[in-house]
Amino acid sequence: MHHIYCPYCEEMREEEEYSYTGEAHIERPKDPAAISDEAWADYIFFRSNPRGIHHEMWYHAAGCRRYFNATRDTQSYKVHETYKMGEMPTITAATVAANQVAKGDAS
Amino acid sequence: MKKYSGFSLFKHSLSHHENWQAAWRSPQPKKEYDVIIVGGGGHGLATAYYLAKVHGITNVAVLEKGYLGGGNTARNTTIVRSNYLWDEASKLYDHSLDLWKDLSQDLNYNVMFSQRGVLNLGHNLQDMRDIERRVNANRLNGIDGVVLNTAEVKEIVPIINDSQDIRYPVLGASWQATGGVARHDAVAWGFARGADSFGVDLIQQCEVLDIVTEEGAVVGVKTNQGFIGAKKVACVTAGNSGVMAAMVGLRLPIESRPLQALVSEPIKPIIDTVVMSNAVHAYVSQSDKGDLVIGAGTDSYNGYGQRGSFNIVEHTMSAICELFPMFSRVRMNRAWGGIVDTCPDACPIISKTSVKGLFFNCGWGTGGFKATPGSGNVFAHTLAHDEAHPLAAPFSIDRFSTGHLIDEHGAAGVAH
């Protein structure tokens, strides 16, 4: 069971208050009629589904009823951060990899 | 391969069963194969078996990063049925069911396939309408099925709670008498032994780290045991399919989620069929050991951790206890999670890709076990002929851009 910090309520709440609503930062094509079927399928169905750092949307269904983003590790299930819609993550797969390299150098 | 028989059992009893031939070899990988199958679960091993047996392609390696059948093959609830709504899906699963019937004989390995029937319960008027529609569709496709009312369900499962004042009353069910269960490990082991007997190399503890391509065509894989060459690479990696696809820069319409199951302490025989409920996300059967085998739903979020959330198990158990009040005092022994590759239309992807020589068989989601022989059979055809088996053709990855989805979500009586 996750405990997730809602950036709008500014409180830790239990997973059951939230609904997971899928990968974050997927932009709807500006002009759907202008793009190919493949590009439209990529937008609708295809996902990055990484093992590791994943940016995803959650909906605080039994709370403030607002959507927000989270950066979570899909292997360890650790929620690294949550942030409001429109904001960008501070932790990404690249920053985590860089941190691991830095730690490896230190030891 | 030495055949198993009653006589061999007797013969080996004289030497205290210490001289049985190993069920398969543990070879070193060769430099080059005709086909490399990534993933030594049920589907991968079945693919190797049918490649060798039906298509005569025996220069094949199955690469498994852990041990054979240690992933979702070891983590499912072993239910076999074919009562899917749409023509494409029902034909694929029914092809599999046909293969199940003779599988023990074919493999000379007892997969303990038991056609004890499968009930899919309905709890409200809409459920019952969906069940009637699905059973009618099944019968038109030559798949047996009947719609039962509450009293008829009670007759098949006397311990079920048939009172109408519970939260999810049993209004009826669909009944597929030819459905049932099989012994999951035996399926993997039987296919492994069969494939090995044709000369297929089963290489365990061999993790694929990268898929190597040259000019848009596969030339082999980089593994923790070195480079292994092959012109055809087939990924049958279930929950890890997205990770495999990313190695060649492909994306799949798949999200990997934890799906949980649990077993109780062994009890005396109490339920001799399979009871599934889509609406309350619970299903139960009893293994030959006596444990109740209970399946829960998937977690809502992506995960690769092979464990699920406790609230999902709690939800399933409350449903099971309402349907079977006598189970409230049974202790649960073990719970575990498997990583299932869920597709938007809850149907598999059996397909070539834009990379020449790279094939995927994935997206079976929460219901792949029942398809093990059929999946291997049609995928082997696809690999051997470089062209989809007629039953596999509708499951091409192209369907996501053509729009010809096979929407089994919620329609197949499955707890998705």
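Before I start, a word on conventions: residues are numbered from 1 along each chain as its sequence is written, while chains are lettered from A and ligands numbered from 1 in the order in which they are written. Because the model is predicted, local features need pLDDT of at least 70 and side-chain atom pairs count only at pLDDT 80 or more, whereas totals for chains, interfaces and linings use all residues, and side-chain values use heavy atoms, with hydrogens and water left out.

Let me begin with chain A by itself. Its secondary structure comes to two helices and six strands, where helices (H or I, at least four residues) and strands (E, at least two) are DSSP runs numbered from the N terminus. Read from the N terminus on, the order of elements is β-β-β-α-β-β-β-α, and the C-alpha trace spans about 55 × 40 × 20 Å along its principal axes. Of the 107 residues in chain A, 34% are buried; here buried means under 20% relative accessible area, exposed means over 50%, and partly exposed lies in between, with a 1.4 Å probe and protein chains only. If we take contacts (heavy atoms within 4.5 Å) in chain A between residues at least 6 apart in sequence, 48% of them join residues at least 24 apart.

Now to the interface. The size of an interface is often given as the accessible area lost when the parts come together. Between chain A and chain B the buried area, which is the accessible area (1.4 Å probe) that two parts lose on being put together, summed over both, is about 2,300 Å², and carbon and sulfur atoms give 49% of this area.

As for specific pairs across this interface, the rule finds 14 residue pairs in polar contact, both residues being at pLDDT 80 or more. A polar contact is a pair of N or O atoms within 3.5 Å; within protein, one must be able to donate a hydrogen and the other to accept it, and residues adjacent in sequence count only if both atoms are side-chain atoms.

Over all chains the count comes to 16 salt bridges. One of them joins the side chains of B:R25 and B:D196 at 3.0 Å, N to O. B:R25 lies in the loop between α1 (6–13) and β1 (32–38) of chain B and B:D196 in helix α7 (residues 184–197) of chain B, so the pair ties together parts that are 171 residues apart in sequence. B:R25 is partly exposed at 36% relative accessibility, whereas B:D196 is buried at 11%. In another salt bridge, B:R257 meets B:E255 at 3.1 Å, N to O, and both of these residues are buried.

I will close with the cysteines. With a disulfide taken as a pair of cysteine sulfur atoms within 2.5 Å, the count over all chains is zero. For A:C9, the nearest cysteine sulfur is that of A:C6, 3.7 Å away, and A:C9 is partly exposed, with a relative accessible area of 23%. For B:C235, the nearest cysteine sulfur is that of B:C362, 8.4 Å away, and B:C235 is buried, with a relative accessible area of 0%.

Terms used:
Salt bridge = Lys/Arg side-chain N within 4 Å of Asp/Glu carboxyl O.
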